[in-house]
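Visitor: I have a model open and would like to learn how to read it. Can we take it feature by feature?

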Amino acid sequence: VLAATPNLELTPSTQSVGIGNQATVNILVEEVTDLRGASITLNFDASKLQYASSADGGFIPGAFLTPPTVDNTNGTVTLDLASLSSYESGTGTIMTVTFDTIEAGDASITFGTTSLRDKDNCDIDHTAGNGCMVTVNPIQLTSIAVLPETMTLFKGDSDTITSITAHYNNGDTAIIALADCSYNSDTTAVATVNTSGEITAIDIGTTTITVTYTEGVITKTDIVEITVIPVPNLKLTPSTQSVGVNDFGTVNVIVEDATDLRGANISLNFDASKLQYSSSNDGDFIPNDTLQVTSIDNTKGSVTLD
């Protein structure tokens, strides 16, 4: 039975990266026996790629890489890896190589001279694949991010989008002027938005505002989720009552349409010629709250409760 001939391949066979990002390829050996070391030259398109770094792929135990010989002008790099005492058989990644991208377009990476060495430091006959292709994409808009992502407004109130950030495929970001975007409300019944990104709450409910930005031929959108809540209202009940002189008149301070109410500070004014403040009690609307009387003026007719 004849053993399979070991083979070298570059993986992945194709990949796509944005200009300014890095492309990493793996040098894979297939069905090798007792591999102890390797010396591999890669040829690459230096107009689009530049050698950046390399690392042991972990296939040979205890292997180490010597400093590579790099020619970023003509597009070659020679890598040598070896172990002093260990060797490995099978299939695995012997090295990884990383390239910087400097120009858009398709860039090939191919094998130049290659050698594999066995446990006795003898050459191993092998084959090598056709290499791989890296597609370097020009700098392009990939997404926009609008802040705030959510907005809660009282009915009738307005607020403005604080920032819009463009994200690009090379990792760059840029702040977009609010005036450079277009805005659309899914429903004008809840909220409207103007050309400056100012959102006005029209009626109670939820909706989304879509922000659109176009750069060249690329258009990206993001949304702001809008929640419109009622304006809370305070009133005193009962609206009228009749009591005898020297009796007590009691009023309730009622809040309507409150959202997430945690506390309140309220001053009441009264006719001090006919009424005098006597006492107050927690109405129990807010759980576990504490009532404090912060000021009383029975001469001018006022009391402040917190």
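Visitor: Where does Thr207 sit?

Guide: Thr207 belongs to strand S20, which covers residues 205–215. Keep in mind that this is a predicted model.

Visitor: Is Thr207 buried or exposed?

Guide: The cut-off for buried is under 20% relative accessible area. Thr207 has 8%, so Thr207 is buried.

Visitor: How many bridges join S17 to S20?

Guide: Four, and the two strands run antiparallel. Ser185 has Ile209 in S20 as its bridge partner.

Visitor: What is the strand order in the three-stranded open sheet?

Guide: The order is S12-S15-S16, with antiparallel pairing. S12 (141–147) and S16 are the edge strands; each has a single partner, so one side of each is left without a neighbour in the sheet. The average twist from one strand to the next is 25°.

Visitor: How do S15 and S16 pair?

Guide: S15 spans residues 163–168 and S16 spans residues 173–176. They pair in the antiparallel sense over four bridges. Thr165 is bridged to Ile175 in S16, and Ala166 to Ala174.

Visitor: What should I look for in the side chains along such a strand?

Guide: In a regular strand the side chains alternate between the two faces of the sheet.

Visitor: What about the hairpin turn?

Guide: Four residues lie between S15 and S16 in this hairpin. Look at Gly171 there: its phi is positive, near 95°.

Visitor: Now the charged pairs. How many salt bridges are there?

Guide: The count comes to six. Take Asp34 and Lys119, whose side chains meet at 3.7 Å, N to O. Asp34 lies in strand S3 (residues 22–44) and Lys119 in the loop between S9 (105–118) and S10 (127–128), so the pair ties together parts 85 residues apart in sequence. Lys119 is partly exposed, at 35% relative accessibility.

Visitor: Which residue pairs with Asp203 in a salt bridge?

Guide: Lys155 does, at 3.7 Å, N to O. Asp203 lies in the loop between S19 (198–201) and S20, and Lys155 in the loop between S13 and S14 (158–160), so this pair links parts 48 residues apart in sequence. Both count as partly exposed: Asp203 at 34% and Lys155 at 39%.

Visitor: How far apart are the closest N and O atoms of Asp271 and Lys274?

Guide: They are 3.4 Å apart, in a salt bridge. Asp271 is partly exposed, with 38% relative accessible area. Lys274 counts as exposed, at 67%.

Visitor: Last stop: which residues make the nonpolar surface patch of about 330 Å²?

Guide: Leu234, Leu236, Val251 and Val253 make the patch. Val251 lies in the loop between S22 (233–237) and S23 (252–256). Val251 is partly exposed, with a relative accessible area of 42%.

How values were computed:
Residues numbered from 1 in each chain as written. Predicted model: local features only at pLDDT ≥ 70, side-chain atom pairs only at ≥ 80, totals over all residues. Heavy atoms only, no water. Pairing = 2+ DSSP bridges. Buried < 20%, exposed > 50% of the residue type's maximum accessible area, 1.4 Å probe, protein only. Patch = residues over 30% accessible without salt bridge, like charges linked within 9 Å, V, L, I, M, F, W, Y side chains within 5 Å. Areas by Shrake-Rupley, 256 points an atom, 1.4 Å probe, with all protein chains shown as cover. Salt bridge = Lys/Arg side-chain N within 4 Å of Asp/Glu carboxyl O. Axes fitted to C-alpha atoms, helices over the stretch in contact; angles between N-to-C directions.
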